[in-house]
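This briefing is intended for a reader meeting the structure for the first time. Please keep the sequence and the model in view while reading the points below.

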Number of protein chains: 2
Amino acid sequence: MNTQNIISRKQNGIVQPLLTDLYQITMAYAYWKTGKVMDNSVFDLFFRKNPFQGEFTIFAGLEECLKFLEAFHFSESDIEYLKQTMPSVEDDFFVFLSNLSARDVVIYALDEGTVVFPRIPLIRIEGPLIVTQLLETTFLTLVNYASLMATNAARYRIAAGNSKLLELGLRRAQGPDGGLSASKYSYIGGFDGTSNVLAGKLYNIPVKGTHAHAYVTSFTNFSELHTRILHSKNDGKPYDFVQLAIKWRSELGPLFKVVNAEVNDGELAAFISFAMAFPDQFMVLVDTYDIERSGLLNFCAVTLALNDLAFQAIGIRIDSGDIAYLSYVAREYFSKISTKYEIPWFKDLIIMASNDINEETILSLNDQGHKINCFGIGTHLVTCQKQPSLGCVYKLVDLNNVPRMKLSQDVAKVSLPGRKDAYRLFSERGDALIDLLVQTDEEPPSVGSKILCRHAFEESKRAYVTPSKVEKLHKLYWKDGLICRPLPNLEEIRDNVTRSLKSLRSDIKRNHNPTPYKVAVSDNLYSFLHNLWMESAPIGELT
Amino acid sequence: MNTQNIISRKQNGIVQPLLTDLYQITMAYAYWKTGKVMDNSVFDLFFRKNPFQGEFTIFAGLEECLKFLEAFHFSESDIEYLKQTMPSVEDDFFVFLSNLSARDVVIYALDEGTVVFPRIPLIRIEGPLIVTQLLETTFLTLVNYASLMATNAARYRIAAGNSKLLELGLRRAQGPDGGLSASKYSYIGGFDGTSNVLAGKLYNIPVKGTHAHAYVTSFTNFSELHTRILHSKNDGKPYDFVQLAIKWRSELGPLFKVVNAEVNDGELAAFISFAMAFPDQFMVLVDTYDIERSGLLNFCAVTLALNDLAFQAIGIRIDSGDIAYLSYVAREYFSKISTKYEIPWFKDLIIMASNDINEETILSLNDQGHKINCFGIGTHLVTCQKQPSLGCVYKLVDLNNVPRMKLSQDVAKVSLPGRKDAYRLFSERGDALIDLLVQTDEEPPSVGSKILCRHAFEESKRAYVTPSKVEKLHKLYWKDGLICRPLPNLEEIRDNVTRSLKSLRSDIKRNHNPTPYKVAVSDNLYSFLHNLWMESAPIGELT
């Protein structure tokens with residue numbers, strides 16, 4: 001074991017060979033007992049239905065699978081535990097298990113961040129049956145949530161247009177690492193940052209944050225402000241910042257049409273202290289008490305005081321109430337002040353909303369009209385409330401060069417047997433037209449030639465396609481125990497998501513009644529599949 | 001830092017002070033800047049609504065919170081990262097931060113595994129504002145999913161009655177550690193085991209598993225069985241087990257009314273090899289091909305062959321189709337064979353169902369009648385599909401002995417200010433009657449005395465209760481930097497769930513239209529709350 005392996009193993013933490021279902025290990029033993037150790041297998045990892053009632057999915061989690069392969073090794077304590085758990089198993093099997101590695105496995109996969117569709121094998125896993133079977137659960141765990149999360153984030157990105165998107169879900173995530181994965185894969189899907197500091201540190205994602213309501217309620221009046229002096233950004237001169245903010249609040253009173261008794265002093269004290277800590281990044285929650293009668297006025301007073309000292313505030317966050325309406329109210333005050341005091345940037349201050357927002361909320365806000373330019377998304381994003389799991393499966397499609405399939409009364413559940421490659425065919429305009437599955441040993445589709453694309457199950461559904469561009473989706477990622485392609489970093493994966501989604505027609509990406517994207521099989525694969533299907537299906541006898 | 005701390009820190013893995021929202025750290029800086037370092041705070045961690053449209057919740061995650069406190073320390077690399085992220089922050093603050101520990105924090109909490117209700121503080125966190133505030137996100141992350149999961153599992157336990165329950169959700173969980181937490185907390189909630197091997201190893205939970213469909217499809221005929229000999233459990237004599245199973249299948253053919261061509265040889269070969277690997281724990285999936293015309297017959301043939309060699313099989317798993325109907329069919333064959341060959345245990349073989357089952361499926365199966373005696377639950381359990389997050393919040397209720405509250409137009413969102421203890425009052429029969437919140441400095445409720453219990457917000461809702469037993473729910477768990485109560489192990493927490501749920505009337509626990517359990521405040525707390533509320537609410541002026 002070399003140093004790099006040790007590092008990978010450490011990085012993987014709980015992602016280790018025991019992070020699997022026991023049945024993988026009982027199967028391994030039964031394969032070993034029955035002499036199937038050297039059987040050569042091909043598995044496909046794929047899903048059958050796009051999540052969120054949508055028509056696309058973003059593939060993610062590949063790098064974690066490859067890192068898992070690098071470190072794949074049963075430790076002494078793993079073996080010890082398995083011996084206790086499976087007392088009837090022969091000792092020699094454990095010797096075999098402790099020597100097992102992923103060296104003989106070969107992995108073809110799509111690039112991480114690619115937009116994908118049902119039935120396309122996202123990863124094709126080849127190699128000795130015992131090892132490939134042992135990878136199933138861990139691969140599914142690593143791909144399912146990562147892809148679901150990236151897809152969810154991409155959908156929010158589409159809904160939010162040019163608004164900024166921040167992920168704020170750690171506290172509601174499914175476990176600490178559910179939170180970390182959410183930050184990572186929502187960034188890939190198009191979010192601009194996260195509140196999760198550890199995610200920022202581990203994955204180099206921008207982190208953002210202001211304060212909670214508790215910060216505001218922790219102040220009751222100005223006497224709690226033990227520091228009052230702030231130095232001007234221009235000339236470094238000291239000012240009594242508390243006095244300055246209070247003066248501005250009096251001046252703004254008539255504009256906001258509120259009497260002094262309505263405006264909360266504790267809130268102003270909290271804003272003042274926060275501005276003194278972050279004069280260049282002043283952004284506060286304005287809904288602890290009453291947004292219209294207290295929060296906005298206090299915010300504007302402090303922002304004008306900061307402006308006197310040459311600091312430019314960032315904006316406000318609204319966490320409750322009718323956010324469309326409140327965003328209009330806030331924007332109007334900002335505009336009025338911008339004009340009255342001739343401060344151009346004041347009208348463009350950020351208005352961030354973070355009140356239990358989901359994809360549909362954003363779309364409905366878009367319909368109503370709003371003045372929000374940043375959304376903070378928590379629960380709905382990170383738990384994927386609309387559909388909290390993606391149904392990726394891992395199916396044996398070939399063993400010792402004999403194609404395998406699981407028959408099912410349910411056509412949707414029939415798997416496509418054999419080794420297959422996927423190609424994406426593009427129109428002249430650069431739109432993705434169709435994904436085509438072909439047998440790995442047949443002629444690949446080529447630019448300019450007329451290709452018959454067939455529905456895998458419905459005989460009459462077929463079409464000719466003459467592609468202007470052909471992209472081979474499957475690439476060799478792992479061979480001889482090594483990752484054999486340079487892995488993109490998070491930014492590059494994120495760019496791939498953007499690029500990949502851009503090639504998709506917008507009717508396929510829309511939230512309401514999206515058009516399904518076509519996935520087809522070659523004429524060859526169609527015949528192969530249907531012959532095999534007829535051969536395997538038993539002829540019953542009605543009695 | 002002593003050795004124990006180092007160990008704890010390692011055990012916690014990613015659960016570390018940076019696993020938080022950035023705003024906790026920006027707030028800490030603002031508190032520090034404004035001189036609020038020594039402010040003494042009280043926070044309540046609670047939820048407002050039971051999950052899953054139910055009327056109870058199981059509290060879990062406490063031990064993880066306490067372990068987090070033990071290890072609470074910003075490392076050098078954490079500080080380095082924060083310095084880069086917050087470049088405007090004064091260096092002295094980072095010195096302060098790197099010396100911070102949870103030594104001055106005091107934690108009162110309910111026992112882990114206790115059944116709990118909205119508004120009861122599950123954890124009361126006291127101590128210096130900066131530290132208590134820094135714990136918010138991590139505590140919420142640790143409690144939210146753990147409690148949600150334990151509650152979900154407990155609901156399945158109630159629905160399933162005496163059937164065994166196995167958790168099989170790792171592949172569909174939200175990240176690897178979502179899977180581990182799911183195994184751990186579903187065991188606490190009443191599951192009998194998990195398929196997750198690492199969870200078994202880490203938490204000492206029973207692990208179970210047989211095989212996947214791929215195992216069956218990996219065999220096509222008997223020639224692939226490289227070993228044929230199995231030794232009898234009785235006399236150790238060798239038998240040709242393949243021949244024996246094939247003989248039994250011929251004999252059973254007429255009973256199952258199938259012709260040989262319908263029965264899949266690959267499936268029988270797979271069952272034979274699996275039986276030879278696990279003759280004492282034979283349990284197989286019978287739905288790879290056709291349950292009625294192949295799977296059940298092959299299973300019974302192998303089970304009878306095993307019986308000839310004095311081995312007793314365990315049962316079958318059904319993963320598709322109409323499981324109620326199929327369980328009847330299977331049970332009928334088992335009974336017939338039991339009678340015909342005089343094998344008493346044959347009729348009681350386990351029939352396990354694992355086909356996308358949720359709580360409602362089990363209840364509907366109960367209504368229809370079924371012969372299943374074990375459920376394997378995956379996606380719906382581990383992702384808590386019905387409601388994938390619990391809304392625990394963390395609210396400041398007292399600062400420097402001044403009660404704090406966040407007002408809200410929405411009464412449901414008003415927090416209960418001040419330091420409070422919770423008591424559970426029981427009837428003579430031992431049923432839990434009501435939970436009562438009292439101020440920590442008032443007289444606690446006592447057995448036999450008549451206590452006025454009031455609804456926190458609705459003036460007219462109140463009742464006298466004369467409890468036969470009073471249980472103080474809040475206990476001191478952390479003081480002077482140490483866990484100060486012996487922590488129960490997983491089994492003990494699991495027993496607490498059972499005991500705690502048992503004291504709850506069944507109409508509160510039922511799935512359909514459950515009765516809400518009452519949570520009340522003392523008359524004292526009621527007056528305190530309403531006075532404070534009136535004081536804090538500003539009087540507007542309609543203009």
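Predicted model: local features only at pLDDT ≥ 70, side-chain atom pairs only at ≥ 80, totals over all residues.

Across the interface of chain A and chain B, 43 residue pairs are found in polar contact, both residues of a pair being at pLDDT 80 or more. Within the side of chain A that touches chain B, the largest share, ten residues, is contributed by helix H2 (residues 22-33) of chain A.

**Interface of chain A and chain B**

- On chain A, 110 residues are in contact with chain B, where the contact likewise involves 110 residues.
- The two chains, A and B, bury about 8,800 Å² between them, and carbon and sulfur atoms account for 58% of that area.
- Eight salt bridges are found across the interface of chain A and chain B.
- A salt bridge joins the side chains of Asp21(A) and Arg171(B), with an N to O distance of 3.0 Å.

**Domains of chain A**

- Chain A is divided into two parts: domain 1 comprises 22-156 together with 387-536, and domain 2 comprises 210-372.
- A distance of 51 Å separates the C-alpha centres of domain 1 and domain 2 of chain A.

**An open sheet in chain A**

- Chain A contains an open sheet of six strands, arranged in the order E19-E18-E23-E17-E16-E20 with mixed pairing.
- Strand E19 (462-465) and strand E20 (469-472) of chain A are the edge strands, each pairing on one side only.
- On average, neighbouring strands of this sheet are turned by 35° against each other, with direction ignored.
- Strand E18 (residues 451-454) of chain A runs antiparallel to E19(A), and four bridges join the two.
- In this part of chain A, Ile451(A) stands opposite Val465(A), a residue of E19(A).
- Helix H18 (residues 523-536) of chain A lies across E16, E17, E18 and E23 of chain A, and this helix runs at about 75° to E23(A).

**Strand pairing in chain B**

- Strand E18 (residues 451-454) of chain B pairs with strand E19 (residues 462-465) of chain B in the antiparallel sense, over four bridges.
- The bridge partner of Arg454(B) in E19(B) is Arg462(B).
- E18(B) also pairs in the antiparallel sense with strand E23 (residues 518-522) of chain B, over two bridges.
- In E23(B), the residue opposite Arg454(B) is Val521(B).

Methods:
Residues numbered from 1 in each chain as written. Chains lettered and ligands numbered in written order. Heavy atoms only, no water. Pairing = 2+ DSSP bridges. Axes fitted to C-alpha atoms, helices over the stretch in contact; angles between N-to-C directions. Contact = heavy atoms within 4.5 Å. Domains from an automatic or database assignment. Buried area = accessible area lost by both parts, 1.4 Å probe. Salt bridge = Lys/Arg side-chain N within 4 Å of Asp/Glu carboxyl O. Polar contact = N/O pair within 3.5 Å; in protein donor to acceptor, adjacent residues only side chain to side chain.
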